[in-house]
Amino acid sequence: MTRPIVLCIGDNKMSAYVYQAIRHLGVTHVIREDGPSEEKPDSFRGWVRQLYVRYATPFMRWTSRARIQELKRRHPLRDEPIPMHHVLKVTSLNDARTKMWLDRLMPELLIFHEAGPIEPDVLNRIDCPILTIRPSMAAGQLEAYWAFRDKPDVC
């Protein structure tokens, strides 16, 4: 029996693109972090930033429709939703339910895409390579640095 490849995602629209791009590699399960309710800003600047993101994002999406369609025609990206029978919903990737699923599945490879911070005790119980897909190169480089520093023999 082959061990599965598990994709761990946050609540992000781009995760469907990532799943569709790598599903043929053997991704059998997707652990989706639904997360806690939205955090309340604690300063005026935080409120302004949250309002800007909430209202500017749909406006930018609306004004970029032509460019989005052009990119979809140029690049064969599939945006179908992830099939629900592959999705395991958890509140956090650090909770007991996630640990139970990872222990049960014993993945061959664990892939993270736009998920929240993962506690070291969750990662230490997994004996497989871990791949992080991040749109931000700086965030990916930072995670790679700490991975090399913590487990140089595995990396």
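Q: Is glutamate 70 buried or exposed, or something in between?
A: Glutamate 70 is partly exposed, because its relative accessible area is 30%, and the label follows from cut-offs in which buried means under 20% relative accessible area, exposed over 50%, and partly exposed in between (1.4 Å probe, protein chains only). This is a predicted model, in which local features need pLDDT of at least 70, side-chain atom pairs count only at pLDDT 80 or more, and totals for chains, interfaces and linings use all residues. Residues are numbered from 1 along each chain as its sequence is written, and side-chain values use heavy atoms, with hydrogens and water left out.

Q: What does glutamate 70 form with arginine 74?
A: The two form a salt bridge, with their closest N and O atoms 2.5 Å apart; the term stands for a side-chain nitrogen of Lys or Arg within 4 Å of a carboxyl oxygen of Asp or Glu. Glutamate 70 and arginine 74 are four residues apart in helix 3 (residues 65–74), so about one helical turn separates them. Helices here are DSSP runs of H or I with at least four residues, strands are runs of E with at least two, and both are numbered from the N terminus.

Q: And how many salt bridges are there by that rule?
A: The count comes to five. One of them joins lysine 99 to aspartate 121, where the closest N and O atoms are 3.1 Å apart. Lysine 99 lies in helix 4 (residues 96–105) and aspartate 121 in helix 5 (residues 120–124), so this pair ties together parts that are 22 residues apart in sequence.

Q: Which of those labels does lysine 99 get, buried or exposed?
A: Lysine 99 counts as buried because its relative accessibility is 18%, whereas aspartate 121, at 37%, counts as partly exposed.

Q: What does arginine 125 meet in a salt bridge?
A: The side chain of arginine 125 meets that of aspartate 103, at 2.6 Å from N to O. This pair also links distant parts of the chain, since arginine 125 is in the loop between helix 5 and strand 5 (130–133) and aspartate 103 is in helix 4, 22 residues away.

Q: Which residues are joined into one network?
A: Arg67, Glu70 and Arg74 are joined that way, through salt bridges that share partners.

Q: Switching topic: in what order do the strands of the sheet run?
A: Five strands form an open sheet in the order 3-2-1-4-5, and the pairing is parallel, where two strands pair if DSSP finds at least two bridges between them. Strand 3 (87–90) and strand 5 stand at the edges with a single partner strand each, so one side of each is left without a neighbour in the sheet.

Q: Over how many bridges do strand 1 and strand 2 pair?
A: Strand 1 (residues 5–9) and strand 2 (residues 27–33) pair over five bridges in the parallel sense, and valine 6 stands opposite histidine 29 in strand 2.

Q: How many helices and strands does the protein chain have?
A: The protein chain has six helices and five strands, and along the sequence they follow the pattern β-α-β-α-α-β-α-β-α-β-α.

Q: Last one: what share of the residues is buried?
A: Buried residues make up 27% of the 155 residues in the protein chain.
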